[in-house]
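Here are some notes for a first look at this structure. Please keep the 3D view open while reading.

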Amino acid sequence: MPGIYLHIPFCKHKCTYCDFTSFPDRLAFSEAYMACLYKEMELLGKGLGKYTFDTVYFGGGTPSVVDPKYIYGAMQQLRKCFRLSEKPEITIEMNPGTVSEQKIALYKKAGINRYSIGLQTAIDEQLAELGRIHTARDFVYACSLLKGENFSADVMLGLKGQTEEDLFKTIELASRCGAKHISMYALTPEDGTPIYTDYLNGELPDGDEVRRLYDYGCMLLKERGYLRYEVSNFAKKGFESRHNLNYWRRGEYVGLGVSASSFLFGKRYTNTFDLDDYMKCVLSGFAPVVESEDVEKEDAKFEFIMLALRTEYGVSSAAYRAAFGSDWKEDFGEAFQKMRAYFTEEGDITRIKEEYLYVQNTILTEFMNG
Amino acid sequence: MAKANRNLRNFCIIAHIDHGKSTIADRIMELTGQVSKRDMEEQLLDSMDIERERGITIKLAPVRMYYTALDGQEYEFNLIDTPGHVDFTYEVSRSLAACEGALLVVDATQGVEAQTLANVYLALENDLEIVPVINKIDLQSARVDEAKQEIEEVIGLDCEGCPCVSAKEGINIRDILEAVVKQIPPPEGDTEAPLKALIFDSYYDNYKGVILFVRLKDGGVKVGDKIKACLSEKTYEVTEVGAFAPFLQPKESLLAGEVGYIAASIKSIEDVAVGDTVISAEKPDTPPLPGYKKVQPVVFCGIYPLDGSKFLDLKEAILKLKLNDASLIFEPDNSVALGFGFRCGFLGLLHMEIIQERIEREFNLEIITTAPSVSYLVHKTDGTSFYVDNPSHLPPVSEIDYMEEPIVEAEIYSPPDYLGSIMELCQDKRGVFKDMTYLDARRVKLEYRLPLNEIVYDFFDELKSRTRGYASFDYELVGYERSKLVRMDILLNGEICDALSLIVHEERAYPRGRTLCENLRDAIPRQLFEIPVQAAIGGKIIARETVKAVRKDVLAKCYGGDITRKKKLLEKQKEGKKRMRRIGTVDVPSEVFMQILKTNKD
């Protein structure tokens with residue numbers, strides 16, 4: 001079922017690896033921005049009357065940095081403009097350095113029932129290096145406030161000087177604090193971010209080392225009962241992120257806010273990345289979309305494969321046939337035969353073999369046109 | 001006997017690269033009103049894109065000009081531009097044969113260079129009158145007197161009163177023209193004798209057919225005349241004659257002593273070889289002029305389209321280039337690894353590079369080139385012998401009695417500071433020391449015998465880097481010598497890649513194989529499986545490296561906003577793959593085929 005994403009582009013301090021649209025110095029704009037977000041919901045909601053949404057996700061930036069009353073307000077407005085399913089999954093991203101008892105109380109009141117906490121690492125020196133505003137202790141505190149709630153922790157791989165022991169400590173901490181879900185991402189040094197300099201100077205672990213950490217991390221997570229259901233996502237049974245699963249099933253979604261993207265009626269839309277433009281557009285009653293792309297059928301087929309192969313569920317021939325009316329192993333006949341050795345096939349389902357999940361781009365390019 | 005025009009001067013310009021030859025030519029044309037400044041593109045004579053970019057001249061370009069001298073008389077000048085690079089020495093010798101004199105341009109800041117010397121000797125052999133010209137006198141670092149002294153000492157030319165100019169600033173250009181009038185003799189020749197014209201260049205024009213660049217030694221030629229090319233014995237009817245202004249300018253006739261062009265609906269450039277003599281078809285017994293030595297290609301390489309389906313486009317491109325460049329030799333070739341392509345022969349490495357660049361640029365084709373090779377003389381045990389320039393065509397070891405390889409005599413000019421490292425380099429390249437001469441306190445000439453196959457790899461680059469660019473180098477093919485040569489094959493994932501095979505000296509095989517495997521290991525991107533890279537001689541593995549399997553190639557996050565981004569990323573990755581050739585099971589980037597050029601680790 002479709003989901004709704006809301007982008008909150010504010011944060012206290014930009015992390016050294018951050019490539020997202022966020023404005024650390026413009027928190028004062030948050031009230032105006034949230035007003036625009038409400039307005040955008042109104043604009044978009046009109047055309048989507050037939051949709052029932054199953055998930056809501058507040059991402060950022062740091063959504064937990066703005067006054068929680070705006071999150072509460074956003075949920076009220078959202079319920080006004082969109083129809084939600086009976087038991088929607090409503091997630092908010094949080095920075096452990098920005099939580100308080102009152103905040104969480106208000107979130108709960110707003111209907112939020114899932115939290116995604118940016119831990120990244122349990123090693124404070126590494127947190128400081130990343131420009132994070134919190135310590136491992138802050139994470140422990142945040143978790144104590146969320147006792148009994150469904151929350152996830154983000155963990156990073158490939159940090160400067162990161163050892164297997166560091167990773168052990170991090171996963172152990174997240175697990176002990178009660179995370180039901182753990183996302184384990186390899187740090188991606190993007191051009192233009194401060195950490196890119198470290199990368200250029202060869203100070204970050206190389207691909208082989210990251211892979212070693214990843215394999216080790218997977219083992220630790222498995223031991224602790226977190227099952228991998230996507231390349232970077234691990235969950236206790238039944239705690240998979242429904243919102244994200246929808247992306248990988250190539251489901252539709254609505255993105256609200258600056259830089260957010262939507263996938264509706266076979267088209268991909270992207271909102272402007274400029275905060276002022278975004279507000280101007282929305283206030284004048286226009287969609288703040290700067291890019292829209294019709295996804296051609298061939299392209300759609302590739303997207304389907306590309307996304308499904310990220311997951312533990314793999315490509316389902318039946319689901320593919322339902323979507324496109326053809327057999328994917330025939331549509332991608334040549335590539336499939338060539339790459340067959342890297343897949344496991346179980347009846348209807350085809351997955352990338354475990355040991356090749358982390359080199360899937362190389363496999364996927366074979367499935368591209370041309 | 002009717003004498004040739006006494007007011008005619010045919011000359012060329014000899015200069016080292018960068019010493020300002022083309023600029024001087026431009027200034028002379030400007031001063032004689034040949035080209036209005038407005039129309040003039042910078043360095044008019046260098047008309048090919050590549051020529052202008054690299055600041056070198058490849059093709060000859062003649063120009064006719066009129067000049068009224070201080071003596072009040074009007075003179076006709078034919079300036080024949082010459083290439084400056086060692087690969088094109090043959091072109092220089094061709095233009096020299098069409099002249100009575102040469103301007104020797106020397107950069108006042110740099111003095112005489114090795115290349116200049118080689119061409120000066122060539123000019124002296126051709127009995128040309130040489131007029132020294134000192135250029136770039138406007139520069140702060142100009143050492144006019146030293147340059148003059150150097151010319152006098154090294155070459156033995158009198159520099160008393162020679163023109164000292166700045167072509168860039170247009171200073172004293174008239175001095176050059178006066179020196180041409182006074183010092184260079186008019187051509188000899190009998191305008192009434194039977195026609196004898198030397199073909200010194202040619203190119204193919206889509207409308208007029210082959211255009212012959214000729215220097216008339218005797219007689220005359222006009223439209224409607226029947227002419228004959230001595231070598232091919234083909235006859236043609238002249239459709240147009242004219243002068244170079246510098247664009248083709250038709251005129252009624254050409255007479256003995258003159259330089260000009262002939263068009264005669266000639267379809268094939270092969271039938272009118274450069275160096276051949278054009279005579280009158282009515283006087284078929286006229287003895288030809290002594291031509292030039294036929295140019296032999298010395299460097300060979302395979303050229304393949306990156307996209308295998310573009311073979312016909314490549315063929316068309318090479319055929320078109322061949323029309324204007326008789327020295328380019330080619331034949332169809334077929335490689336297991338690279339498919340259909342051509343084996344091409346070149347005059348040298350620069351010539352090779354320029355042809356490759358022209359194919360890519362002028363015809364918009366992406367190509368793969370294999371490492372350059374030379375032509376080996378193979379003697380088989382059954383007593384037969386033949387030349388092989390493609391390592392993969394070498395017969396099995398058991399059938400080879402012995403092999404010979406081409407040897408050059410090289411002259412290296414350098415400041416004495418670098419002698420040690422040059423000698424070390426030559427030693428490394430199997431060179432045999434011949435002689436060493438101090439030309440003056442700052443310049444030494446080293447003479448070495450070297451196998452050509454050592455030079456075609458990275459000799460020149462190495463020489464330049466070891467001498468910080470100070471050394472210059474020239475060579476001449478002197479023959480073949482028996483040598484212990486073996487074919488080294490490269491195996492990728494257990495399969496021989498024929499396009500990477502090469503012929504090496506037995507003693508060099510081990511280090512060469514090792515370096516090559518190391519270079520290939522670094523150049524071949526990691527793939528889903530481990531790839532052994534091996535060097536082998538006759539089935540025996542002599543070196544091995546491994547390209548490790550790729551361990552991480554994944555986008556960590558892929559949520560709503562990342563999907564489009566991820567697709568773009570994968571497309572980029574796919575593009576990269578397109579630039580590769582699949583050899584057996586291995587994707588190999590096209591640059592790799594040139595990797596074996598490098599004998600050193602990067």
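**Notes on helix packing, a sheet and the contact between chains**

1. Start with two helices of chain A. α1(A) and α2(A) lie roughly parallel to each other, because an angle under 35 degrees counts as such and theirs is about 10°. Their axes are 9 Å apart. Helix α1 of chain A covers residues 30-45. Please bear in mind throughout that this is a predicted model.

2. Which residues of α1(A) and α2(A) make the contact? From α1(A) come A:Ser30, A:Met34, A:Leu37, A:Tyr38, A:Met41, A:Glu42 and A:Gly45. From α2(A) come A:Tyr70, A:Gly73, A:Ala74, A:Gln77, A:Leu78 and A:Cys81. By type, the residues of this contact are eight nonpolar, four polar and one charged.

3. Now follow α2(A), residues 68-81, to another helix, α3(A), residues 101-110. The two axes come within 9 Å and cross at roughly 5°. α2(A) and α3(A) are therefore roughly parallel to each other. On the α2(A) side, the contact uses A:Pro68, A:Lys69, A:Ile71, A:Tyr72 and A:Met75. On the α3(A) side, A:Lys103, A:Leu106, A:Tyr107, A:Lys109 and A:Ala110 take part. Seven residues of this contact are nonpolar, none are polar and three are charged.

4. Step back to chain A as a whole. It holds 15 helices and 15 strands. How does its radius of gyration fit its length? A compact globule of 370 residues would have a value near 21 Å, and chain A has 21 Å, so the two agree. The C-alpha atoms fill a box of roughly 55 × 50 × 40 Å along the principal axes. Buried residues account for 45% of the 370. Of the contacts in chain A with a separation of 6 or more, 72% come from residues 24 or more positions apart.

5. Chain B has 602 residues, of which 47% are buried. It contains 14 helices and 32 strands. Among its contacts between residues at least 6 apart in sequence, 69% link residues at least 24 apart.

6. Look next at an open sheet of eight strands in chain B. The strand order is β10-β9-β15-β6-β7-β14-β11-β12, with antiparallel pairing. Which strands stand at the edges? They are β10 (235-237) and β12 (248-251), each with a single partner strand, so one side of each has no neighbour in the sheet. From one strand to the next, the twist averages 40°. At one end of the order, β9(B), residues 226-229, runs antiparallel to β10(B) and is joined to it by three bridges. B:Lys226 stands opposite B:Glu237 there.

7. β7(B), residues 209-218, pairs with β14(B) in the antiparallel sense over five bridges. β11(B), residues 240-244, also runs antiparallel to β14(B), joined by three bridges. B:Ala263 is the bridge partner of B:Ile211 and of B:Glu240.

8. Another mostly covered element of chain B is helix α1(B), residues 21-31. Nine of its eleven residues are buried. Among them are B:Ile24, B:Ala25, B:Ile28 and B:Met29, together with B:Lys21, B:Asp26 and B:Arg27. Just after the helix, B:Gly33 takes a positive phi of about 70°.

9. Finally, the two chains meet.

Note on methods:
Residues numbered from 1 in each chain as written. Chains lettered and ligands numbered in written order. Predicted model: local features only at pLDDT ≥ 70, side-chain atom pairs only at ≥ 80, totals over all residues. Helix = DSSP H or I, 4+ residues; strand = E, 2+ residues; numbered from the N terminus. Rg over C-alpha atoms; globule rule 2.2 N^0.38 Å. Buried ≥ 20, exposed ≤ 12 C-beta atoms within 10 Å, placed from the backbone. Contact = placed C-beta atoms within 7 Å. Axes fitted to C-alpha atoms, helices over the stretch in contact; angles between N-to-C directions. Parallel < 35°, antiparallel > 145°, perpendicular 65-115°, else oblique. Nonpolar A, V, L, I, M, F, W, Y, C, P; charged D, E, K, R; others polar. Pairing = 2+ DSSP bridges.
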